[in-house]
Amino acid sequence: VHAGTQQSLRSRVDQLITPSAPVSRRDLFAGRHKAIASFIRALELPGQTLVVFGEPGCGKSSLLAMAPEFADAPFTVVRVRAEGGDTFPMLWRKVADHVRTSTLRSERGLTASPFPGDTLSDAGISQGSSIGVAQAVELVVKMSEKSAVMILIDEFDRADAECRTWMSRVVTQVA
């Protein structure tokens, strides 16, 4: 094989096989048909709170990355990553920063934001404020006023133990 051809082939293989990254193309997503069907049914029901959990490497991130392609109706995806020791306020600050960035880009004419302009202030979240359960619930409610919203927190198991308890309160109050 010629060196240039070998490099081109290697480049194509590297694009298709990414074991440490979620699958990002529908044609490469396969298996777990029962789980996918259940997930799609949950996506299509209005007002649902869906929690996806499982062992590391079982395909949670891939499933969530592909969710917009599976759903019939459009929805907004907010994706953040938990780092070791993240607290509940730290994770929700990341979500709020995502909303703030989207809104600011929209105000500058760079793209349309899926979020109402007053989402953060209505939820009582200012630039440096701490975020508790009530503010997180209000933020989710405000974020979903225009369209359905999926909030993905990758590597959630890295967050501190208290964060898990507080997050369960958000999930039950939003549901």
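Reply: Asp-72 counts as exposed because its relative accessibility is 68% (exposed is over 50%, buried under 20% and partly exposed in between, with a 1.4 Å probe and protein chains only). Asp-72 sits in the loop between α3 (60–70) and β1 (helices are DSSP runs of H or I with at least four residues, strands runs of E with at least two, numbered from the N terminus). Its C-alpha is 8.9 Å from that of Ile-40, although 32 residues along the chain separate the two. The model is predicted, so local features need pLDDT of at least 70 and side-chain atom pairs 80 or more, while totals for chains, interfaces and linings use all residues. Residues are numbered from 1 along each chain, and side-chain values use heavy atoms, without hydrogens and water.

After α4 comes Gly-109, with a positive phi near 80 degrees.

The largest nonpolar core has 24 residues, of which Phe-88, Trp-92, Val-95, Ile-125, Leu-139, Met-143 and Val-170 touch the most other members (such a core joins buried Ala, Val, Leu, Ile, Met, Phe, Trp, Tyr and Cys through side-chain atoms within 4.5 Å). β1, α4, α6 and α7 each give two or more residues to this core. Apart from this core lies another, of twelve residues, including Leu-63, Leu-64, Ala-67 and Ala-71.
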